[in-house]
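Biologist: I am new to this structure and would like a short tour. Could we go through it together?
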Number of protein chains: 2
Amino acid sequence: MTPVAGRGAGAAPRSVDVARLAGVSQKTVSRVMNDEPYVSADVRRRVLAAAEELGYRSNNAARALASGRTRSIGVVTLGTALYGPASLLMGVERAVRDTGYALRVVNTMEGERAGIAGAVDSLLDQGVDGIVISEPIDEADGADLSARVDVPVLVLGAPPPFAAPHVVTAGIVSSQMARAATEHLLELGHTTVHHLAGPQRWYSARDRLDGWREALAAHGRAEPPVAEGDWSAASGYAAGRELLADPGVTAVFAANDDMAIGLIRALTEAGRRVPEDVSVVGFDDIPVAAYVTPPLTTVRQPFDAMAQDGLKLLVHAIENPQADPLPMTDPPVELVVRASSAPPPPR
Amino acid sequence: MTPVAGRGAGAAPRSVDVARLAGVSQKTVSRVMNDEPYVSADVRRRVLAAAEELGYRSNNAARALASGRTRSIGVVTLGTALYGPASLLMGVERAVRDTGYALRVVNTMEGERAGIAGAVDSLLDQGVDGIVISEPIDEADGADLSARVDVPVLVLGAPPPFAAPHVVTAGIVSSQMARAATEHLLELGHTTVHHLAGPQRWYSARDRLDGWREALAAHGRAEPPVAEGDWSAASGYAAGRELLADPGVTAVFAANDDMAIGLIRALTEAGRRVPEDVSVVGFDDIPVAAYVTPPLTTVRQPFDAMAQDGLKLLVHAIENPQADPLPMTDPPVELVVRASSAPPPPR
DNA sequence: CGCAGTCATGACAGCGCAGTCATACACAGT
DNA sequence: ACTGTGTATGACTGCGCTGTCATGACTGCG
């Protein structure tokens with residue numbers, strides 16, 4: 001650094017500058033800024049006034065260096081604008097901010113070079129205090145990640161793709177709700193329910209598939225062949241075209257709303273009415289689900305609550321390194337019944 | 001810090017540790033890590049090997065403190081999972097990562113305590129090198145923000161709500177495309193086009209309103225009353241119910257796809273066919289737009305390209321503080337014509 | 001051969017804060 | 001009065017890195 005005497009007028013004020021102005025020591029300024037005890041009301045007032053006057057902001061880098069904590073949490077997302085992941089990310093942001101931490105974000109596209117492990121690595125480089133993995137997917141290299149991770153990890157979405165030393169998992173009991181959605185259709189009288197699955201690299205897609213299987217098994221129904229899409233409406237449409245070949249299909253549970261909508265489009269174009277001929281249930285309750293034709297029966301997940309609950313666990317793990325993980329509370333998921341599901345046509 | 005001799009075995013390795021192992025000075029390690037010139041190939045190799053062996057990561061806080069730059073960019077978003085903003089955020093993440101910077105995110109809900117200014121403030125507290133404001137909205141206190149901002153700001157979305165010292169604006173020429181969408185309907189033969197506007201606190205909503213006005217004016221058409229929604233399908237539905245009162249409505253340009261879908265639902269329920277009786281055009285090209293009934297004519301924005309272009313400007317401004325802003329290139333926006341728009345019914 | 005110029009490396013200081021410890025004072029209990 | 005305990009403050013140091021400058025080795029050239 002250039003050893004400029006007196007520092008340029010443009011230089012940001014430091015805590016010593018505030019200290020000088022307030023007539024106290026630098027350490028006392030630090031105390032005030034961190035709400036530490038043992039500062040008299042008078043001194044606190046003077047310091048705050050001085051800080052205000054100078055427009056002082058504490059230097060985050062210096063604080064992090066001195067304290068060894070960055071007060072930031074990193075989140076790994078899949079970089080899609082899909083409603084589910086995007087909502088979850090927003091929920092995470094809100095929850096993180098509520099805890100007083102800062103949020104750093106790294107995306108990892110499906111099939112991208114380093115994948116989740118790479119994203120986690122880059123967060124560790126940045127020195128985060130904790131990591132949130134939102135909607136994990138199965139990656140060949142997922143498992144070797146645990147080795148270098150030395151901060152608590154929260155996996156939002158089930159089940160965890162790897163076991164790291166400080167991993168907590170939270171929220172998203174997709175399988176239960178997938179089961180409920182399937183049972184809803186069975187209870188309407190459908191002999192069986194087809195499934196339009198999400199991409200099986202996503203754990204949440206597997207989870208929904210499992211729930212569907214459980215429901216069929218519990219009711220003693222045979223398991224029809226599974227169609228797999230990529231979450232997109234286009235893939236739902238394509239799957240719908242194929243399902244048309246089987247005239248016996250009367251009910252389909254799609255792993256998300258976009259695919260359900262594509263599916264309905266394919267059915268409609270072919271003259272199969274929804275729900276009179278075929279019932280369709282989606283998952284996510286995207287904002288337009290209630291307004292498409294027909295309005296879509298679907299499953300609503302409380303993204304905000306899941307994020308909040310999860311972050312509570314994560315912050316607890318960060319701030320109490322030795323303590324046991326907090327117990328998880330299951331978020332209230334909800335089946336929203338609309339017009340797209342109805343009893344099967346009479347035979 | 002506890003002055004432990006020898007540092008616990010669990011402590012993260014520092015550059016001196018790497019230096020010792022490689023038999024060089026700590027400064028040389030720093031040179032290698034930063035790809036600085038004047039390091040022999042042999043030394044570089046040894047240093048990298050030593051770093052690998054120890055699992056060394058450079059300490060970001062220390063680097064930031066010493067260099068005065070955090071190599072991170074902050075983004076302020078509106079905290080919605082709406083397709084447009086969410087896509088833009090994903091684009092920003094990608095673009096930021098491509099530049100080698102880290103990304104910090106702060107949301108600001110509409111009507112939240114501190115608003116955009118507060119979000120910017122918290123980013124400045126964190127010490128970002130640059131700020132991206134994604135989809136600005138009008139806030140009473142927006143203007144006073146400029147005072148304390150000492151880093152370049154990129155506003156993604158037009159027009160800038162305030163003039164800060166280092167602001168660059170990029171992308172999103174909504175008004176032009178809104179105009180194109182409206183003209184598309186006029187050219188199909190509609191006498192006039194109604195507009196279902198977005199919330200007018202959003203600049204992008206105003207922008208689209210302006211474009212619609214321009215188109216009508218250019219064709220010498222009178223301006224029918226404007227309905228205003230809140231981007232949601234529900235608000236589009238509500239607006240649709242009101243529009244039904246006027247049997248003369250044959251074409252509506254909605255400021256986003258969600259509202260368009262809600263609108264279509266209201267029309268359909270009332271027995272007005274789309275597009276035979278009423279044409280509807282949306283905005284955004286959400287993933288399901290092509291698969292709703294009828295498939296939606298809409299405007300597609302290249303979010304990734306906008307984010308990339310904008311970030312190029314921002315990074316340029318960060319790294320060349322004195323230089324003039326780079327010129328903006330207009331991103332290729334596209335009108336996607338589908339079944340929801342058609343010529344008006346014969347009278 | 002000697003000097004300038006380039007390359008390669010290290011010594012040293014200091015970025016701005018928080019942690020540790022010492023100190024000073026106030027008041028309570030004996 | 002004397003000790004003990006709690007409160008309020010400051011001096012000093014070091015977090016791990018980068019910037020500056022010094023130094024030495026090597027090159028080319030008159």
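This is a predicted model: local features need pLDDT of at least 70, side-chain atom pairs count only at pLDDT 80 or more; totals for chains, interfaces and linings use all residues.

Biologist: Which element gives the most to the surface near DNA strand C?
Modeller: That is α4(A), with 5 residues.

Biologist: And which residues are closest to DNA strand C?
Modeller: Of the 28 residues that surround DNA strand C, the closest are Ser15(A), Ser30(A), Ala66(A), Ser25(B) and Thr28(B). Two or more residues of this surface come from each of α2 and α4 of chain A and α2 and α4 of chain B.

Biologist: What is the make-up by class there?
Modeller: The surface near DNA strand C has 13 nonpolar, 11 polar and 4 charged residues.

Biologist: Now DNA strand D: how many residues surround it?
Modeller: DNA strand D is surrounded by 28 residues, with Thr28(A), Ser15(B), Ser30(B), Ala62(B) and Ala66(B) the closest. Here the largest share, 5 residues, comes from α4(B). By class, this surface divides into 13 nonpolar, 11 polar and 4 charged residues.

Biologist: Changing topic, at what angle do α9 and α10 of chain B cross?
Modeller: Their axes cross at roughly 40° and come within 6 Å. That makes α9(B) oblique to α10(B), and the crossing is right-handed.

Biologist: Which residues make that contact?
Modeller: Among them are Ala233(B), Tyr237(B) and Arg241(B) of α9(B), and Met259(B), Leu263(B) and Leu267(B) of α10(B). By class, the contact of α9(B) with α10(B) has 10 nonpolar, 4 polar and 3 charged residues.

Notes
Residues are numbered from 1 along each chain as its sequence is written. Chains are lettered from A and ligands numbered from 1 in the order in which they are written. Axes are lines fitted to C-alpha atoms, for helices over the stretch in contact, and angles run from 0 to 180 degrees between N-to-C directions. Helices (H or I, at least four residues) and strands (E, at least two) are DSSP runs, numbered from the N terminus. Angles under 35 degrees count as roughly parallel, over 145 as roughly antiparallel, 65 to 115 as roughly perpendicular and the rest as oblique. A crossing is left-handed if the near helix is turned anticlockwise from the far one by less than a right angle, and right-handed if clockwise. Two residues are in contact if their C-beta atoms, placed from the backbone, lie within 7 Å. Ala, Val, Leu, Ile, Met, Phe, Trp, Tyr, Cys and Pro count as nonpolar, Asp, Glu, Lys and Arg as charged, and the others, Gly among them, as polar. A residue is near a molecule or strand if its C-beta atom, placed from the backbone, lies within 6 Å of it.
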